[in-house]
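Here are my notes on the model you sent over.

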There are 2 protein chains.
Amino acid sequence: MASPSEYLDALIRELNKLPGIGSKSAARAAFHLLEMSDANVKQLLNTIIALKENVLECSLCGGISDTPVCSICTDPSRQQQTLCVIEDKKALITIEKTGTYKGIYHVLGGVISPLDGIGPDDIRFPQLVERCKSESIKEVIMATNPTIEGDATVLYSLKVLKPLGIRVMRLARGLPVGADIDFTDVATISKSLLERSEVL
Amino acid sequence: MASPSEYLDALIRELNKLPGIGSKSAARAAFHLLEMSDANVKQLLNTIIALKENVLECSLCGGISDTPVCSICTDPSRQQQTLCVIEDKKALITIEKTGTYKGIYHVLGGVISPLDGIGPDDIRFPQLVERCKSESIKEVIMATNPTIEGDATVLYSLKVLKPLGIRVMRLARGLPVGADIDFTDVATISKSLLERSEVL
């Protein structure tokens, strides 16, 4: 179904390509853009252009950065002995939002997945090993997703990093805060039983 | 909480201003834009610019259009005797999507709301009356939202348009298709009882 404007249809199609934006959100956003002032639309466009022109990959952690080495890697107040290993750049933002993590990061850019032909050398795993050898890292927190591939990456990391004298940790798995046990899946309940913690 | 990139933070803030796009969707879209090819980003930007430069308001129905009079108003296959009255331009797209309406439209650009000081002359109501007098319209379908203001607009339209010999209709109110009666609000169930239809 075409609307009376090909230009509107074209924009709805473009916005719909973005992840997390369905056809209804795309239509709503397109109408909003149509009614926004030219100045505000220009600001949005310039913000997108600035992002594309200026954002780099941190040469140390592999996360996003406005400078060759990112503001987290160079922050003297962050604990340089604790390294949080994440699958992708976005996870860094998600963890930073909690405000509870004070260490540094390493972005793998993927996970080990033999079925997809992805081995340790296909992701930034060698760089992780290198950092564990050359930096003063004592603890690695594996914050990969709780999937088969994520767990495989955790186990592989343990095998490689433990001999280097590094403590390899993983994120706790259990009931999401605010969840209802009756609506929680069996695998999660099993994990929450196996990895139960003592009430102190 | 700031990410290691001010440019990314700025874009997330901009995207978050769009309706229907929360902070998580905004972050996801911003990361996606970061990883999109320059060519694809340019295409998106050009689509937004084309929208702003080319989309007009149809001088007849008040809907969106690429030409002074829109493709629906000038479509000879649409029934010119049936006029669907809607609150805003977006509702036209929503109704067109159903594919079941074959008449023409009139966009009010709002609803009558005495509490907000909005009377018939503050929206495109005089134009509606004018069209009902000058065009061959026999039936007006009021497709305003089922709110107090929407209903007030329906009643006011009845008062003004019925004396012109026009049949004034409203959209059916009742159970949404696929709904569960136990989870439907009392007002909707009341309407569905009052406006029940015979099984034929």
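1. Let me start with one residue in chain A. Thr144(A) sits in the loop that runs between β5 (139–142) and α6 (148–161) of chain A. Bear in mind that this is a predicted model. Is Thr144(A) buried or exposed? Its relative accessible area is 8%, so Thr144(A) is buried. The side chain of Thr144(A) gets to the backbone oxygen of Gly150(A) at 3.1 Å. Leaving aside residues up to four places away in sequence, Thr144(A) touches Val85(A), Glu87(A), Leu108(A), Val111(A), Gly150(A), Thr153(A) and Val154(A).

2. Next, the charged pairs. Searching the whole structure turns up 14 salt bridges over all chains. One of them joins Glu57(A) and Lys89(A), with the closest N and O atoms 3.0 Å apart. Glu57(A) belongs to strand β1 (residues 56–57) of chain A and Lys89(A) to helix α4 (residues 89–98) of chain A, so this pair ties together parts that are 32 residues apart in sequence. How do the two partners compare for burial? Glu57(A) is partly exposed, because its relative accessibility is 43%. Lys89(A) has 19% relative accessibility and counts as buried; the cut-off for buried is under 20%.

3. Also in chain A, the side chains of Glu195(A) and Arg173(A) meet in a salt bridge at 2.4 Å, N to O. Here too, distant parts of the chain are linked: Glu195(A) is in the segment after α7 (186–194) of chain A, while Arg173(A) is in the loop between β6 (167–170) and α7 of chain A, 22 residues apart. Glu195(A), at 35% relative accessibility, counts as partly exposed, whereas Arg173(A), at 15%, counts as buried.

4. Over in chain B, have a look at Arg131(B) and Glu135(B). They form a salt bridge, and the closest N and O atoms are 2.9 Å apart. Arg131(B) is buried, with a relative accessible area of 5%. Glu135(B) comes out at 25% relative accessibility and so counts as partly exposed.

5. Now for α4(B). Which residues of α4(B) are buried? They are Lys89(B), Ala91(B), Leu92(B), Ile93(B), Ile95(B) and Glu96(B). The cover over these buried residues comes from both chains: it includes α1 (6–16) and α2 (23–35) of chain A, along with β1 (56–57), β2, β3 (79–86) and β4 (103–107) of chain B. Just after α4(B), Gly99(B) takes a positive phi of about 75 degrees.

6. On to the interface. The contact takes 52 residues from chain B and 52 residues from chain A. About 5100 Å² is buried between chain B and chain A, and carbon and sulfur atoms give 75% of that area. On the chain B side, Pro4(B), Tyr7(B) and Lys52(B) lose the most area to chain A, together 14% of what that side buries.

7. What holds for polar pairs at this interface? On chain B, the elements giving two or more residues to the side that touches chain A are α1 (6–16), α2 (23–35), α3 (38–54), β2 (64–65) and α4 (89–98). The largest share, 12 residues, comes from α3(B). By type, the residues on that side of chain B divide into 30 nonpolar, 10 polar and 12 charged.

8. The same surface serves both copies, as 100% of the contact residues of chain B recur in chain A.

Notes. Residues numbered from 1 in each chain as written. Chains lettered and ligands numbered in written order. Predicted model: local features only at pLDDT ≥ 70, side-chain atom pairs only at ≥ 80, totals over all residues. Heavy atoms only, no water. Contact = heavy atoms within 4.5 Å. Buried area = accessible area lost by both parts, 1.4 Å probe. Helix = DSSP H or I, 4+ residues; strand = E, 2+ residues; numbered from the N terminus. Nonpolar A, V, L, I, M, F, W, Y, C, P; charged D, E, K, R; others polar. Salt bridge = Lys/Arg side-chain N within 4 Å of Asp/Glu carboxyl O. Buried < 20%, exposed > 50% of the residue type's maximum accessible area, 1.4 Å probe, protein only. Polar contact = N/O pair within 3.5 Å; in protein donor to acceptor, adjacent residues only side chain to side chain.
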